[in-house]
Amino acid sequence: MKIGYLGPKATFTEAAVAALFPSEPREPYNTIPDCIDAAAAGEIKAAVVPLENALEGSVNLTLDYLIHEQPLPIIGEIVVPIEQHLLVHPYHAPHWREVKEVYSHAHAIAQCRKFLHTVLKGASQVPMTSTSAAAKFVSEHPHLPAAAIANRLAANEYGLVIVQENIHDYDYNHTRFIVVSRRNEPLSPNSPLYAGDKTTVVVMLPQDHPGALHQVLSAFAWRRLNLTKIESRPAKTGLGNYFFIIDIDAPLDEVLIPGAIAEIEALGCTVQLLGSYPYYFA
Ligand SMILES: O=C(O)C(=O)C[C@]1(C(=O)O)C=C[C@@H](O)C=C1
């Protein structure tokens, strides 16, 4: 069975799949929900989708879809370096500074704000489902004065010219991708890219409980469980109601994490385990 990814060909997500599953067949999907749905239906072995970028933060669509629509377990994570380039059809290469439209994934546009504000000031910014969808669109519309923000793979795949390299605003640009599957079997740590293990939980606080978040955090703190991320997302049940997504820098053991979860549940919180899985660096 195949590994599904946010496509079309030559997205950063495909680069993540190539690093983690070099010899497995791949299947592109147009959107993150399509890809996660295919994994939930068992059409593919696993889905790889973006979760968080170092410059722009979480990919809310992925988080929300996993929490509210398709609660599939996370079985692995890979962090991939991200280099954004400006791509145009070869016809526009000599006068690329005159492009009037820039197409890309919203996260990629956000990673290049300073470049767009200074070098392509006034050009409209058009969000697409992925960076390679933008590159494909630009290659299919040579008459448009348009550019795409995407990677080198996309330039090669769609016959575009890179006119400016590394246009992301800050050097440290990485994206975390997660692997989700309906079979809750974490990937093997037996890989040269393996860097450690993590556990992700989603906590819903009880209403009107002063200090609840403080108590949740202290359940981890006194057990010396290191947290690498805490993020709130709307519970979508009313203003002021949030989920907290918490990454613990440890594998699920038999004592510490179950103990912390039991303590948090005793406060009246709901806890959902999203997965305990190895992470890798490409
Ligand atoms: O559009 C792509 O190429 C993707 O793989 C998606 C995505 C994202 O959602 O953050 C992945 C990496 C980059 O941060 C920009 C876009």
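Visitor: What is the make-up of the chain over residues 201-278?

Guide: In this predicted model, residues 201-278 are 27% helix and 36% strand, with the end C-alpha atoms 15 Å apart.

Visitor: Which annotation covers residues 201-278?

Guide: The UniProt annotation "domain: ACT", from an unreviewed entry, covers that stretch. Such annotations may be inferred rather than shown by experiment.

Visitor: Where is the place of E231?

Guide: E231 is in strand β13, which spans residues 227-234.

Visitor: Why is E231 called partly exposed?

Guide: E231 has 16 other C-beta atoms within 10 Å. A buried residue needs 20 or more and an exposed one has 12 or fewer; the count of 16 lies in between, so E231 is partly exposed.

Visitor: What does E231 touch, leaving out residues up to four places away in sequence?

Guide: E231 touches S58 and I245. Contact here requires C-beta atoms within 7 Å. As for S132, it is 99 residues from E231 in sequence and 28 Å away in space, C-alpha to C-alpha.

Visitor: Which residues come nearest to the ligand?

Guide: T11, T13, P50, H107 and S130 do, out of the 15 residues around the ligand. Elements giving two or more residues to this shell are α1 (12-20), β3 (46-53), α4 (106-111) and α6 (131-140).

Visitor: How do the residues of the shell divide into nonpolar, polar and charged?

Guide: Six are nonpolar, nine are polar and none is charged.

Visitor: Why is the ligand said to lie between domain 1 and domain 2?

Guide: Domain 1 (3-82 + 173-180) and domain 2 (85-161) both give residues to the shell around the ligand, so the ligand lies between them.

Technical notes
Residues are numbered from 1 along each chain as its sequence is written. This is a predicted model: local features need pLDDT of at least 70, side-chain atom pairs count only at pLDDT 80 or more; totals for chains, interfaces and linings use all residues. Helices (H or I, at least four residues) and strands (E, at least two) are DSSP runs, numbered from the N terminus. Two residues are in contact if their C-beta atoms, placed from the backbone, lie within 7 Å. A residue is near a molecule or strand if its C-beta atom, placed from the backbone, lies within 6 Å of it. Ala, Val, Leu, Ile, Met, Phe, Trp, Tyr, Cys and Pro count as nonpolar, Asp, Glu, Lys and Arg as charged, and the others, Gly among them, as polar. Domain bounds come from an automatic or database domain assignment.
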